[in-house]
Amino acid sequence: MVRAALRNPAPMKRLAALLAALALASTAIAADKPAPRAKAKPARAIADVDRDGDPNLKSTAALVLDANTGETLFAKNADAVHPIASITKLMTAMVVLDAKLPLDEPVQISTEDLDLLKGTKSRLPVGAHFRRDDLIRIALVASDNRAAAALGRAYPGGIEAFVEAMNAKARLMGLDSTRFVDSSGLAPGNVSSPAELARLVAEASKYEIIREYSTTPALDVTLPDTGRKVNYVNTNALVRAGDWKIGVSKTGYISESGKCLVMQALIANTPVVIVLLDSWGRLTRIGDANRIKRWLEKNPARLAGALRAG
């Protein structure tokens with residue numbers, strides 16, 4: 001029997017081939033099934049305070065100021081000079097309003113207002129006319145660069161005279177480290193420090209229009225030529241959130257500046273100025289602002305005169 005099997009091995013070979021084929025098919029079927037997903041590790045929460053009890057901020061530079069007394073509540077690299085991006089638009093609005101230019105005067109959007117530096121887009125069509133106050137509103141709510149560029153260009157003497165007026169006002173306010181080179185904030189040459197921006201925000205809060213426009217959660221704008229409505233939302237999510245009492249707000253971002261945020265807000269019944277610069281995470285500036293708010297609400301004695309610096 002053994003000899004017969006050795007002389008005629010074909011049946012055994014066929015059996016081995018069949019078993020191999022079944023094993024291969026089983027493997028192929030298994031490979032078609034989606035692999036089980038690995039369980040995502042929960043994101044590690046950032047503590048509100050550090051070991052010293054100060055707010056645990058991830059922004060590179062920050063300042064928290066009591067707006068009533070001017071006293072510093074918290075500082076982190078407060079004198080470091082950084083690009084400030086669209087926070088520039090607060091100064092733009094102040095210079096336009098200081099000039100007493102007619103707010104209902106139509107300003108035509110020009111090709112000169114296009115962003116050729118960073119390539120940002122706008123829904124304001126070239127050739128369309130908008131009231132000056134609508135351009136201020138769009139610049140402060142939606143941080144529209146074309147609106148801010150048009151405001152500077154339509155200033156008496158053009159954009160060069162406008163930038164000169166911006167820097168003159170900065171000098172008048174004693175902002176020695178603050179420089180402006182355009183009306184939109186697109187150029188990294190627009191620079192300041194948290195210490196000086198806090199004073200700029202305090203000055204901006206004196207303008208009723210800036211208080212109103214910068215804290216408008218959303219607005220609809222009717223394009224004059226087509227009649228189409230365009231919706232804009234405030235670039236500061238905290239304005240839209242509803243659990244903050246914000247008096248002045250402005251965000252900013254270019255690659256050189258990181259995410260920036262300045263606000264005047266009422267916290268624990270006290271007006272506070274918050275400046276956050278160079279926050280690289282998508283939500284870091286919002287998280288930092290919320291950590292500051294919780295820190296002050298849990299430590300109201302800070303608002304009674306305590307000084308913390310980090």
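Q: Contact means heavy atoms within 4.5 Å. Which strands does H10 lie across?
A: H10 lies across S1, S2, S9, S10 and S11. Its direction is at about 150 degrees to that of S11 (axes are lines fitted to C-alpha atoms, for helices over the stretch in contact, and angles run from 0 to 180 degrees between N-to-C directions). Helices (H or I, at least four residues) and strands (E, at least two) are DSSP runs, numbered from the N terminus.

Q: What kind of model is this?
A: This is a predicted model, where local features need pLDDT of at least 70 and side-chain atom pairs count only at pLDDT 80 or more, while totals for chains, interfaces and linings use all residues. Residues are numbered from 1 along each chain as its sequence is written, and side-chain values use heavy atoms, with hydrogens and water left out.

Q: Back to the strands. What is the order of the five strands in the open sheet?
A: The order is S2-S1-S11-S10-S9, with antiparallel pairing (two strands pair if DSSP finds at least two bridges between them).

Q: Which are the edge strands?
A: S2 and strand S9 (245-254), since each pairs on one side only. On average, neighbouring strands of this sheet are turned by 5 degrees against each other, direction ignored.

Q: How many bridges join S1 to S2?
A: Four, between antiparallel strands, with S1 covering residues 61-66. In one of these bridges, Val-64 has Phe-74 in S2 as its partner. The two strands form a hairpin with five residues between them. Gly-70, in the turn, has a positive phi of about 80 degrees.

Q: And how many bridges for S10 and S11?
A: Eight, again in the antiparallel sense, with S10 at residues 258-267. Leu-266 stands opposite Pro-271 in S11.

Q: At what angle to S11 does H7 run?
A: At about 135 degrees. H7 (residues 194-204) lies across S1, S9, S10 and S11.

Q: New topic, the core. Which residues touch the most other members in the largest nonpolar core?
A: Leu-90, Met-91, Leu-135, Leu-200 and Ile-210, out of 59 residues. A nonpolar core is a set of buried Ala, Val, Leu, Ile, Met, Phe, Trp, Tyr and Cys residues joined through side-chain atoms within 4.5 Å. Buried means under 20% relative accessible area, exposed over 50%, and partly exposed in between (1.4 Å probe, protein chains only).

Q: Where does the largest share of this core come from?
A: Helix H3 (residues 88-98), which supplies seven residues.

Q: What is Met-91 in contact with?
A: Setting aside neighbours within four places in sequence, Met-91 is in contact with Met-166, Lys-169, Ala-170, Met-173, Phe-180 and Leu-200. There is also a second, separate core of 22 residues, which includes Val-64, Ile-246, Ala-265 and Ile-267.

Q: How many aromatic pairs are there?
A: Two. Rings of Phe, Tyr and Trp (its six-membered ring) pair if their centres lie within 6.5 Å; planes under 30 degrees apart count as stacked, over 60 as edge-to-face and the rest as tilted.

Q: Why is the pair of Phe-74 and Trp-295 edge-to-face?
A: Because the planes of Phe-74 and Trp-295 are at 75 degrees, with the ring centres 6.3 Å apart. The pair links distant parts of the chain, 221 residues apart: Phe-74 is in strand S2 (residues 72-76) and Trp-295 in helix H10 (residues 284-298). Phe-74 counts as buried at 4% relative accessibility, and Trp-295 is buried at 1%.

Q: What about Tyr-155 and Phe-162?
A: Tyr-155 and Phe-162 are also an edge-to-face pair, 5.1 Å centre to centre and with 75 degrees between the planes. Both are buried.

Q: Which residue lies over the face of Tyr-232?
A: Arg-123, at 4.5 Å from the ring centre. Lys-293 lies over the face of Trp-244 at 5.7 Å. A charge sits over a ring if NZ of Lys or CZ of Arg is within 6 Å of the ring centre and within 35 degrees of the ring normal.

Q: Last topic, backbone angles. What is phi of Lys-100?
A: Near 60 degrees, a positive value in a residue other than glycine. Most residues other than glycine have a negative phi. Lys-100 is in the loop between H3 and strand S4 (106-108).

Q: Is Lys-100 buried or exposed?
A: Exposed, because its relative accessible area is 70%. Asp-278 has a positive phi too, about 60 degrees, but Asp-278 is in strand S11 (residues 270-279) and is buried at 12%.
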